[in-house]
Amino acid sequence: MKELLSSDLYCPFSSHINKHVDVLEEYAFEWVLRFNLLANESSYQRFCKAKFFLLAAATYPSCQLEELKIANDLLSWLFIWDDQCDLSDLGKQPELLKGFHNRFLEILNGEELTNQDVPLAHALSNLRYRILERGNTKWFYHFLHSFKGYFQGCVEEATNRIQGVIPDIDTYMAIRILAGGVEPVIELIEFCDHLIIPDFVREHDIVKELKLIANKVLCWGNDIFSALREMEDGDVHNLVLVLHYQQNLPLVQAIQRAAEIHDQDVLSMMKLEASIPNFGEEEDAELAKYISGLHSWISANLAWCAQSTRYQTAEKLEVIKC
């Protein structure tokens, strides 16, 4: 079964690694330890084995060191919070989640910290400061909006858990592209590579669809690699498991069907790229770099999922301290 989960998924995109990867490895724990984001030895060991720095270095292969550090820290924050939403009792308390999310959004909007804020809020405030120091406020609006969608998806998953609902395939897919936390890291492509994507390009139907399909490809890849862990943990928010339970597919067939969906979306993405119109010389050059960033995310994510220990075993976590 594990061999099936790690079988080759279609990925025609080349892989690259950031030249600062060795420096990033030395730095990888500095930020999470400074903000006390790893509550105990178990969390620390789990974080070490996941090797998020390798994912950051491969998903943003062209950016400079300071931007890469920010990307690494954002990934760390998202994965740590994602674990709280999935692996602790917090993942079955949608109203409590809403409270945390509202506060996180206030922090991202510039609200001052208080002594009541959890370490994750302090870390998020630090990220906001560093991003705005090197980015621009217009782009930051889109980045902030992506967090709203992510938080909404996490609450919808928690609501399903507490109600014992296994969503149908269409409902699941709609929730997953939010709760996967992909949109914030896709937005970060522009920040890391200092791209300028004009609104008329960003809002073009083909560009929006490319971004959506890339989100799906990343989610389905993660779902395939994490299916056994999430089954052991009793969660159903996984493409393989939704296919298994809702369509009564044997697990092996559900994995194969999920892989087919993944591969078809990759092909759809490539076909769509071939239909991109000309926006202008400068705009086309920036968009090409952005699309290259989407490719890097897809290839890097598959490679990281295959070698990271993150999805190998189920593990319960303590709920975040208020």
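Modeller: Happy to. Let's pick helix α11, which covers residues 182–192: 10 of its 11 residues are buried, so the helix is largely enclosed by the rest of the structure. Keep in mind as we go that this is a predicted model.

Which residues of α11 are the buried ones? They are V182, P184, V185, I186, E187, L188, I189, E190, F191 and C192. And what covers them? The cover includes α6, α8 (119–134), α9 (137–163), α12 (199–202), α13 and α16.

H194 sits in the loop between α11 and α12. Is H194 buried, exposed or something in between? With a relative accessibility of 46%, H194 counts as partly exposed.

H194 also leads us to α16, one of the covering helices. E286 is a residue of helix α16, and apart from its neighbours within four places in sequence, E286 touches H194, L195, I196 and I197. E286 has a relative accessibility of 15%, so this residue counts as buried.

While we're on α16, look at its partner α15. Helix α15 spans residues 251–273 and helix α16 spans residues 281–307; they pack at an angle of about 165°, with axes 12 Å apart. An angle over 145 degrees counts as roughly antiparallel, and α15 and α16 are therefore roughly antiparallel to each other. Their crossing is left-handed. On the α15 side the contact uses H262, M269 and E273, and on the α16 side I291, L294, H295, I298 and L302. Sorted by class, that contact of α15 with α16 has five nonpolar residues, two polar ones and one charged one.

Helix α15 has another partner, α14 (residues 239–246). The axes of α14 and α15 come within 8 Å and cross at roughly 130°, and the two helices are therefore oblique to each other. This crossing is right-handed. From α14 the contact takes L239, V240, L241, L243 and H244, and from α15 it takes L251, A254, I255, R257, A258 and I261. The residues in the contact of α14 with α15 are nine nonpolar, one polar and one charged. One of them, L251, is buried, with a relative accessible area of 16%. In the loop between α14 and α15 you'll find N248. N248 is another residue other than glycine with a positive phi, near 55°, and N248 is exposed, at 65% relative accessible area.

Helix α6 (residues 65–87) packs with helix α5 (residues 52–59) at an angle of about 130°, and their axes are 9 Å apart. The two are therefore oblique to each other, and their crossing is right-handed. F52, F53, L55, A56, A57 and T59 in α5 meet L68, N72, L75, S76 and F79 in α6. Eight of the residues in the contact of α5 with α6 are nonpolar, three are polar and none is charged.

N126 belongs to α8 and has a relative accessibility of 17%, so N126 counts as buried. Leaving out neighbours within four places in sequence, N126 is in contact with W31, R34 and F35.

Last, the bigger picture. In soluble globular proteins, nonpolar side chains tend to be buried together. In this model, the largest nonpolar core has 107 residues, and Y60, W77, W81, F104 and F147 are the ones with the most contacts inside it. Helix α13 (residues 205–233) supplies the largest share of this core, 13 residues. As for W77, leaving aside neighbours within four places in sequence, W77 is in contact with W31, F104, L120, A123, L124, L127, F147 and F151.

Methods
Residues numbered from 1 in each chain as written. Predicted model: local features only at pLDDT ≥ 70, side-chain atom pairs only at ≥ 80, totals over all residues. Heavy atoms only, no water. Axes fitted to C-alpha atoms, helices over the stretch in contact; angles between N-to-C directions. Helix = DSSP H or I, 4+ residues; strand = E, 2+ residues; numbered from the N terminus. Parallel < 35°, antiparallel > 145°, perpendicular 65-115°, else oblique. Left-handed = near helix turned anticlockwise from the far one by under 90°. Contact = heavy atoms within 4.5 Å. Nonpolar A, V, L, I, M, F, W, Y, C, P; charged D, E, K, R; others polar. Core = buried A, V, L, I, M, F, W, Y, C linked by side-chain atoms within 4.5 Å. Buried < 20%, exposed > 50% of the residue type's maximum accessible area, 1.4 Å probe, protein only.
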